[in-house]
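Good morning. I will go through one structure, starting with its charges and ending with the whole chain. Please have a look at it first.

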Amino acid sequence: MLNIKKTITGILMAAVVIGQCAAPGITTFAGTEETGGEALSVDENATKVLSSSATSGTCGENLTWTLNDGTLTISGTGDMTDYSYDSYDGPVSDWQRNYEITSVVIEDGVTSIGDYAFYYCNSLTSVMIPDSVTSIGHNAFFSCSRLTSVTIPDSVISIGVDAFAYCNSLTSVTIPDGVSIGSYAFSDCSSLTSVTIPDGASIGDCAFSDCSSLTSVTISDGVTDIGNSAFEHCSNLTKFIVSPGNASYSADGGILYSADKTTLVCYPSASGSVAISDSVTKVGDWAFYCCESLTSVTIPDSVTSIGYGAFYACSLADVYYAGSESDWNAISIGSYNSPLTGATIHYNSTGPDIGTGSEFTSGSATYQVTSTAKNTVKFVSYSGSASKATIPATVTYGGTKYKVTAIAARAFSGNKTITSVTIGKNVKKIGAKAFKGCKKIKTVKVNSTKLSSVGKNAFKGISGSAKIKVPSANKSAYKKLLAASGYTGTVKTI
């Protein structure tokens, strides 16, 4: 049972609350940067209300409720009562913390779901919300830990603070266009794997924080407002996908930028060493917040400002800066960036020394250095969302140009979006299962005349109508290589 933590009152009204984004239903007061952001709180047992034995009653001026065999039905017209979690703070619903409720049916005519309406109904597995509902109150479904999916109708224009927080079994949610999503609304939904932010929606601070299974976020046209730390502590989030028509945001390599890519908005799950794009002039507030495995960052001299808390709770040891010390001192750096300012700053540097076996990211791809003497790398993995993928002939990192001579085993395995692949002229080896299960691939263009090895099942499971196009001079040899790997499809010349 989660305890309710009440904010220590009367202290530091002007102080900034920093630290882990806890849902407002579990409020904390965080310390200053000097205390490492350690949260100070007072625990208080808030379980002051027991479930009522009643099976019917009123829940709004013109609304009634009935409970029958685990199904709670809300009927009538108008708004539900706004409830509280605690009888000391306001009315409490008769069914709060009723662990026998397994389904909720809200009938047409109900126009709002009240605050704390189904708070801690943690046996609830399904809910039906009609088109008449326009708002979902704060904490409305807080800790409904067995709720697995929810469809929010197009009529809803606001989802309150903490509305679905701690719905640990929630794996999917359908969100309507234009909705305002409150702070913490889906925080700690630890089974949610992907989410699409629809046209015109706005996202509050920490709205999806601590969704530990979330791997991708799709941002539609018309989304203009994403709150601070909206996706913090999403430890498995690897990419943002932004609709090409969005005028406010863009994505490259899974990283969220402003539309013109001059502001880095959020770098998901940054770890190890990362390099900020030369197009960036501003690192946004909280951009790398809580990337606890981030140990070094390369910053171009194009950067003129670094936002509030941009590197808070990171583990930076080294910062590689392309400009001079005086250039660095001219950068506007916001508060709560002690991991950045306390790191060792390497001036006039284009990045850390790269050795054999080192990995780095460029665009949507990760590469591994295979030889520093020959400046060669292999293509390790791809995080992009485009339908066309290219393994380039060369890639530049830290001022060094590397030849891409290999594609690693399973580099694209299971990719669901790619329809065509172009393989660069320097590739000599394609690893086992490199494109296995990429069912949408219909065209593979091999520009290399140096290919000498194709691993087992490298192209197993690509589209049955796929064609692999190769240089005419290499067609015979490449057909044998592909056949030996298990490929039985069409091979044509470029």
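A salt bridge is a side-chain nitrogen of Lys or Arg within 4 Å of a carboxyl oxygen of Asp or Glu. Before I use that, some ground rules. This is a predicted model, where local features need pLDDT of at least 70 and side-chain atom pairs count only at pLDDT 80 or more, while totals for chains, interfaces and linings use all residues. Residues are numbered from 1 along each chain as its sequence is written, and side-chain values use heavy atoms, with hydrogens and water left out.

How many salt bridges does a search of the whole structure find? One. Asp252 and Lys261 form a salt bridge through their side chains, at 3.8 Å from N to O. Asp252 is partly exposed, at 31% relative accessible area, and Lys261 is partly exposed as well, at 28%. Buried means under 20%, exposed over 50%, and partly exposed in between, using a 1.4 Å probe and protein chains only.

Next, the surface. Lys374, Lys403, Lys425, Lys428 and Lys450 make up a positive patch. Patch residues have over 30% relative accessible area and no salt bridge, and like charges are joined within 9 Å. Lys428 sits in the loop between strand E38 (420–423) and strand E39 (429–430), and has a relative accessible area of 43%.

Finally, the chain. It has three helices and 43 strands; these are DSSP runs, helices (H or I) of at least four residues and strands (E) of at least two, numbered from the N terminus. Of its 494 residues, 48% are buried.

Definitions and conventions:
Patches are made of residues with over 30% relative accessible area and no salt bridge: like charges are joined within 9 Å, nonpolar side chains (Val, Leu, Ile, Met, Phe, Trp, Tyr) within 5 Å. Accessible areas come from the Shrake-Rupley method with a 1.4 Å probe; for residues, only the protein chains shown count as cover. Lys and Arg count as positive and Asp and Glu as negative; His and the chain ends are not counted. The place of a charge is taken as NZ of Lys, CZ of Arg, CG of Asp or CD of Glu.
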